[in-house]
Amino acid sequence: GYANPEQVGGGLLSRLYSRAFIVADPGDSRRVVFVSADIGMVSQKLRLEVLKKLKAKYGDLYRQDNVILSGTHTHSGPGGYFQYTLFWITSKGLIRPALNAIVNGIVKSIDKAHQSVKKGRIFINRGTVDNSQINRSPFSYLENPVSERSRYAFDTDKEMVVLKMVDEQGQDLGLISWFAVHPVSMNNSNHLVNSDNVGYASYLLEQEKNKGMLPGEGSFVAAFASSNLGDVSPNTKGPFCVNTGESCNNPQSTCPMGGATMCMAMGPGGDMLESTRIIGQNIYSKARELYEEASQEVTGALGTAHQWVNMSSVTVELNSTHTVQTCKPALGHSFAAGTIDGVGAFNFTQGSVEGDPFWDEIRDMLMGEPSNETKACHRPKPILFSTGEMSWPHPWHPDIVDVQIATIGSLAIVAVPGEFT
């Protein structure tokens, strides 16, 4: 999760689960599958292999347009299930056993949901979660126009949305909760596989509802799914220099001694295990409250749509006279700096708009110089790796991605491959 080659698995702290929900229209064959899996993110390869298995089993019932796969974004899960070179570097290639375990687990959870579909009702509720997140790039956020910032009370989204599912008799079936927080309470010094704060919230609620059952057993399923968590840290004490203890809450997240590599966010607990427990408990408590009080019913038809989009050539209208076009993907120098939740390496700093001649020369020798077209398109971002122009031994970065939308009555679930802020 932290793309750190030294962070290799050393055992299990908590098991990882796939949680599947099927919403079906009793009148026809329309249905929506939503899966929240305890993994960093869903790769194209993973998605395509799951769909292939579903097709072999169910024909055209579960398809590209009506199956949504979502990763909780835990940074303490396995790697090696991607098909692009960029994601192979720290996992040392494709790890087939990891990929197979995730594919089979997701398909098994959909099978279990398929076999236990029953008539029921869905309710929606929302509320605010306090003391559980901070913006990990507050100085970047302040670069947004005042007109945009004035639309929001905070620099992070504190709203939790909960879907409550019950059968015809009102008996509990399950819950999907969306709340913006990075599952990085367990930091990059951790070597134990685990589902982090959101996984702990699932564990607490499922243990409460499935009395006397082992984790992963029992009929009640509680998913804490990822939303617009791109800039949201659970490490609420903020960033401190690990060598001196002073704050490094500055635009570059650097320390006077040791630079950016010494700046790490912590809290709210005394160590990462306690922090995971506190944030997980907070999320669980709010979800439980919203679940019990949910009274607004979700009714109406189901709808699904899917599209492949070439993100390297999308035309965007700026105004009535000007259009611009997206370009091939590229990673900037500040990408290598990481974040306050997982610092990068060497002398890279966040927010840098200047390249570094030393690293640029090494890049040019090893991987080739970015094209003038890509440089111009990404300006003022200085390009460290022009991944969209690198194809050896395989393409480095996806440029064609799939996007989806599913509607359940008045609720729309948008499935997009990215980390939104």
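**View 1. Lys-164 has its charged end over the ring of Tyr-291.** The distance from that charged end to the ring centre is 4.8 Å. To count as sitting over a ring, NZ of Lys or CZ of Arg must be within 6 Å of the ring centre and within 35 degrees of the ring normal. A word on what you're looking at: this is a predicted model, where local features need pLDDT of at least 70, side-chain atom pairs count only at pLDDT 80 or more, and totals for chains, interfaces and linings use all residues. Residues are numbered from 1 along each chain as its sequence is written, and side-chain values use heavy atoms, with hydrogens and water left out.

**View 2. Here Lys-158 has its charged end over the ring of Phe-154.** This time the ring centre is 5.0 Å away.

**View 3. Phe-34 and Trp-178 make an edge-to-face aromatic pair.** Their centres are 5.5 Å apart, with 70° between the planes. Rings of Phe, Tyr and Trp (its six-membered ring) pair if their centres lie within 6.5 Å; planes under 30 degrees apart are stacked, over 60 edge-to-face, and the rest tilted. Phe-34 is buried (under 20% relative accessible area; exposed is over 50%, partly exposed in between, using a 1.4 Å probe and protein chains only), at 5%. Trp-178 is buried too, at 12%.

**View 4. Tyr-81, Phe-82 and Phe-87 gather in one aromatic cluster.**

**View 5. Ser-233 carries the "active site" annotation in an unreviewed UniProt entry.** Such annotations may be inferred rather than shown by experiment. Ser-233 is buried, with a relative accessible area of 0%. Beyond neighbours within four places in sequence, its contacts (heavy atoms within 4.5 Å) include Ser-132, Arg-136 and Asp-341.
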